[in-house]
Structure formats: structure tokens, C-alpha cells
Amino acid sequence: MNYRPPIYMQLRDSIIKKIEDGEYLPNEMIPSEREMAQLYDINRMTVKNAIEVLVRDGYLYRIQGKGTFVRGEKNKLLLGTASSEANYGISARAKKVGMKASSKVIFHGFVQGYPTMSQRLRLDVADQIFALHRVRYGDEQPLAIEYTYIPGALFEDADLNDYAQVSLYDYMNNKNHLPVEFGQKLMVVGCPQREAGQLEIDPGTAVFCFEYTGRDRSGRIVEFTRTYIRTDKTNFRFSSYRSE
């Protein structure tokens, strides 16, 4: 028997999606409970319950006599399973919360003889791999450091782009190998010394470590990325449901 979450939780998730997609902007007033009840054709008490959960969880805030507003968190990324797009990159996420996004390339080029990465990409050890290492910034503050690897045979001219200015995913899409399906792994780790220097934090500080394996529409592995993200610059949220 398939479980469907309560209607108020479905509404909660719908509002979160509107916030994350930028339809509801930071510090913008959302429709009233009456308007939402009419919009979704549901009971007003159901709307009230959803709004109370969102206020409790920090998505919204109320101003007496004025209405309910989206809580603005301009200095933090929003990550988590509630996101509607698995390949929603850090630059796009930063822009969604009002940051000025930028990148610094610290290494790019073709490498080979990297057995671990060859195995992750399902390549022979002798095959070339394009490596791209970047520090990602929001409002000129370091947010994350990314280590990305893609098969050289599919992206033979990858080293011709300036990835401080050019989107890697736009380039991969132009080559008809955009990753559309992702395997993801999340860990919280002590930041290694080298990455701590780039992120301007103390070595050993807790950071999110994400690993992504991306497949294109044909199912071929076209990307492996490991990202270290500052926890003080990030909100991580997810939704789960329990059947009674």
C-alpha cells in the first residue's frame, strides 16, 4: 500500500519548492491563508497547519497585522533533498538566495594514470580524464571547493574554456552529455588542511562533503565530483514521512 503524506505536508512541500525555485523571494509576503485555501481548494485549517510547520522550521516568519513572509537568508546556501533539481549547481544556488556568485579555477587539465578516478568513471587507467578544481564564492566569500572529473574522450576540447566564466554543465550540454541522473553521497568530515586554506577556515572544522556521480541520458557515467562545503554558509534540509 502506497503512503501519501497528509495534505498539509504536501502543501508545505509545495511552498518550499516555490521558495527554492525563486517564485517566493526572501522577505516577500506569501498569499494569505484564505487565498491559499481557495488556490489549492483545501480547508483553511489545513493551510494554517502547513504555515505553522514552515514558521517552526524557519522557512517563513509572521508580522502581526501584516502577513506571513519568506525568511531571507542571503548569506547561506540551501541544500537538501527538497531541491527539485539534482544538478542544481552551487553558483545557481548562490544566486537563488541573492548572493553574487563567482569561481576561481585552481587547476584544470587532462590527467591519466589515476586508477581510483578511472574506476569511478568506468574508464581504463590509460584513458584521459579532464580534471577541474574550483573554489566557489558567494559575495566574495569562499563557500565550497569542488573537484570535478569527466571522461576526456567525450570532452576533448574541455581545456579550452575558462571555467571561472563558463558553466561546465552548459559545456557538457553542448556536447550532448549533460548529467541528468545522479548518485549522491553526503558526509560530514573534518576539513583537510589544504581545503581549509582555500575555504578560509581552520583545519579540522566540520564541513559537508558531497560526492556526485552523474550519468547522461544514455546512462553513461560522465561526471564525478567531490565538493567540500562550509557548514556555516549552508542550510541543509530534507523531508521524510512516517506512516502511522
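Which residues have the most contacts inside the largest nonpolar core? I started my notebook with that one, keeping in mind that the model is predicted.

**Entry 1: the cores**

I looked up the largest nonpolar core and found 21 residues in it. Those with the most contacts inside this core are Ile 150, Phe 155, Ala 158, Tyr 163, Leu 168, Tyr 171 and Met 172. Next I checked where the core residues come from. The elements that give two or more residues are β5 (129-138), β6 (141-151), α6 (168-174), β8 and β9 (221-230). Helix α6 provides the largest share, 4 residues. I also noted a second, separate core of 19 residues, which includes Ile 129, Ala 196, Ile 201 and Val 207.

Setting aside neighbours within four places in sequence, I listed its contacts as Phe 155, Glu 156, Asp 157, Ala 158, Asn 161 and Tyr 163. Is Tyr 171 buried or exposed? Its relative accessibility is 6%, so it counts as buried, the cut-off being under 20%. Phe 155 is buried as well, with a relative accessible area of 0%.

**Entry 2: aromatic rings**

I moved on to the rings and counted 10 aromatic pairs. In one of them, Phe 130 and Tyr 163 have ring centres 5.9 Å apart and planes at 50°, so I wrote this pair down as tilted. It links distant parts of the chain, since Phe 130 sits in strand β5 and Tyr 163 in the loop between β6 and α6, 33 residues apart. I found both Phe 130 and Tyr 163 buried. Phe 155 and Tyr 171 make another tilted pair, at 5.8 Å centre to centre and 50° between the planes. Here too distant parts of the chain are linked: Phe 155 is in the loop between β6 and α6, Tyr 171 is in helix α6, and 16 residues separate them. Which residues make up the aromatic cluster? I get Phe 110, Phe 130, Phe 155, Tyr 163 and Tyr 171 in one cluster.

**Entry 3: the sheet**

I then traced the strands. There is an open sheet of 6 strands in the order β4-β5-β6-β9-β8-β7, with antiparallel pairing. Which strands stand at the edges? They are β4 (101-111) and β7 (181-190); each has a single partner strand, so one side of each is left without a neighbour in the sheet. From one strand to the next, the twist averages 15°.

I went through some of the pairings one by one:

- β5 and β6 run antiparallel and are joined by 10 bridges; Val 135 has Ile 145 in β6 as its bridge partner.
- β6 and β9 are also an antiparallel pair, with 6 bridges; Tyr 149 is opposite Phe 224 in β9.
- β7 and β8 (residues 206-215) are antiparallel too, over 10 bridges; Leu 186 has Phe 210 in β8 as its bridge partner.

I also checked how covered β6 is, and 10 of its 11 residues turned out to be buried.

**Entry 4: the β5-β6 turn**

Strands β5 and β6 form a hairpin with 2 residues between them. I looked at the backbone angles of this loop. Most residues other than glycine have a negative phi. Asp 139, in the loop between β5 and β6, has a positive phi near 50°. Glu 140 lies in that loop as well, and its phi is near 65°, also positive in a residue other than glycine. How accessible are these two? Asp 139 is partly exposed, with a relative accessible area of 32%, whereas Glu 140 is exposed, at 63%.

**Entry 5: helix α1**

Last, I ran a length check on helix α1 (residues 7-20). At 1.5 Å a residue, its 14 residues should span 20 Å, and the end C-alpha atoms are 20 Å apart, which agrees. I listed the buried residues of α1 as Met 9, Leu 11, Arg 12, Ile 15, Ile 16, Lys 18, Ile 19 and Glu 20. After α1 comes Gly 22, whose phi is positive, near 85°.

Notes
Residues are numbered from 1 along each chain as its sequence is written. This is a predicted model: local features need pLDDT of at least 70, side-chain atom pairs count only at pLDDT 80 or more; totals for chains, interfaces and linings use all residues. Side-chain values use heavy atoms; hydrogens and water are left out. The expected span of a helix is 1.5 Å times one less than its number of residues. Buried means under 20% relative accessible area, exposed over 50%, partly exposed in between (1.4 Å probe, protein chains only). Two strands pair if DSSP finds at least two bridges between them. Axes are lines fitted to C-alpha atoms, for helices over the stretch in contact, and angles run from 0 to 180 degrees between N-to-C directions. A nonpolar core is a set of buried Ala, Val, Leu, Ile, Met, Phe, Trp, Tyr and Cys residues joined through side-chain atoms within 4.5 Å. Contact means heavy atoms within 4.5 Å. Rings of Phe, Tyr and Trp (its six-membered ring) pair if their centres lie within 6.5 Å; planes under 30 degrees apart count as stacked, over 60 as edge-to-face and the rest as tilted.
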